[in-house]
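Here is a brief report on strand packing and charged pairs. Start with the structure below.

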Amino acid sequence: MPRLPRSCPAGLPQHIIQRGNNRQPCFATADDFRVYLARLDEASRQYCVDIHAYVCMTNHVHLLVSPRDTSGISAMMQALGRDYVAWFNQRYERTGTLWEGRFRSCLIESEHYLLRCYRYIELNPVRAGMVSAPRDYAWSSFLCNAWGKPSGIIVPHEQYLRLGKNPEARMAAYRDLFREVPDYRELGEIRQSLNTGLAFGTDQFKQEIEARCGRRLRAGMRGRRIRSFDANER
């Protein structure tokens, strides 16, 4: 189905994915990851977008963010893409595009659904078979959200803060979320939302956002079937 026009209400969290062109690597060394995250930090501050969770895989990136104005996400991703691609091309003496077209995104219902996206994002390296536990992967927000590793990038979402009365309680509750392995249905729902631009949440949430945005955010009755696990989609 064709992608719908992008909707970006201020204050509502969104799950973003951006892939390398033809699924080619967009990170080759540790320096590449560090530069990308530094540029992400700069762009998120400049365009007033709060970063709640992230993972940088070798050929794609997942972000969980909340914009403070309606143009923030697009402006951030454009600046980030432009600056990082210029750096990457110069470093590796290459030309041309690095990313596969425009980024994909979907709106997320905060209550009940947001923490599932946190978990989905930070479990990417485990699903890909790169590490046995999310704490073993250096290029994600898990060590910050679950163990308190200092990070200038991460801004805790209100739903995360509700996990406990103090940082230790919140981190312990957050780690408990990862004891439960997401089932294939949940993984499929998240992937379908990203691939189609439809909202991820309850029907009531989708109806409210449709009324607010003036566009469809639910799959039609004859929409595409949720696909089973695809190794190329983490």
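This is a predicted model: local features need pLDDT of at least 70, side-chain atom pairs count only at pLDDT 80 or more; totals for chains, interfaces and linings use all residues.

Arginine 162 has a relative accessibility of 54% and counts as exposed. The two side chains, glutamate 158 and arginine 162, form a salt bridge with an N to O distance of 2.6 Å.

## Other salt bridges

The model has 11 salt bridges. One of them joins aspartate 83 and arginine 82, with closest N and O atoms 3.8 Å apart. Aspartate 83 is partly exposed, at 32% relative accessible area. Arginine 82 is exposed, at 52%.

Arginine 91 pairs with aspartate 32, and their closest N and O atoms lie 3.3 Å apart. Aspartate 32 is buried, with 0% relative accessibility. Arginine 91 is partly exposed, with a relative accessible area of 36%. Both residues belong to a salt-bridge network that links Asp31, Asp32, Arg34 and Arg91.

## Strand β1

Strand β1 spans residues 14-19. It is mostly covered, with 6 of its 6 residues buried. Gln14, Ile16 and Gln18 point one way from β1. His15, Ile17 and Arg19 point the other way. Residues on both sides are buried.

β1 has two strand partners described here. With strand β3 (residues 60-67), β1 pairs in the antiparallel sense over 6 bridges. Arginine 19 has histidine 60 of β3 as its bridge partner. With strand β4 (residues 104-107), β1 also runs antiparallel, joined by 4 bridges. Here glutamine 14 has leucine 107 of β4 as its bridge partner.

## Glutamine 18

Where does glutamine 18 lie? Its place is in strand β1. Glutamine 18 has a relative accessible area of 8%, so this residue is buried. Gln18 points the same way from β1 as Gln14 and Ile16.

Which residues does glutamine 18 contact, leaving aside neighbours within four places in sequence? They are His60, Val61, Met77, Trp99, Gly101 and Phe103. Among these contacts, His60 is also the bridge partner of arginine 19 in β3.

Technical notes
Residues are numbered from 1 along each chain as its sequence is written. Side-chain values use heavy atoms; hydrogens and water are left out. Buried means under 20% relative accessible area, exposed over 50%, partly exposed in between (1.4 Å probe, protein chains only). Contact means heavy atoms within 4.5 Å. A salt bridge is a side-chain nitrogen of Lys or Arg within 4 Å of a carboxyl oxygen of Asp or Glu. Two strands pair if DSSP finds at least two bridges between them.
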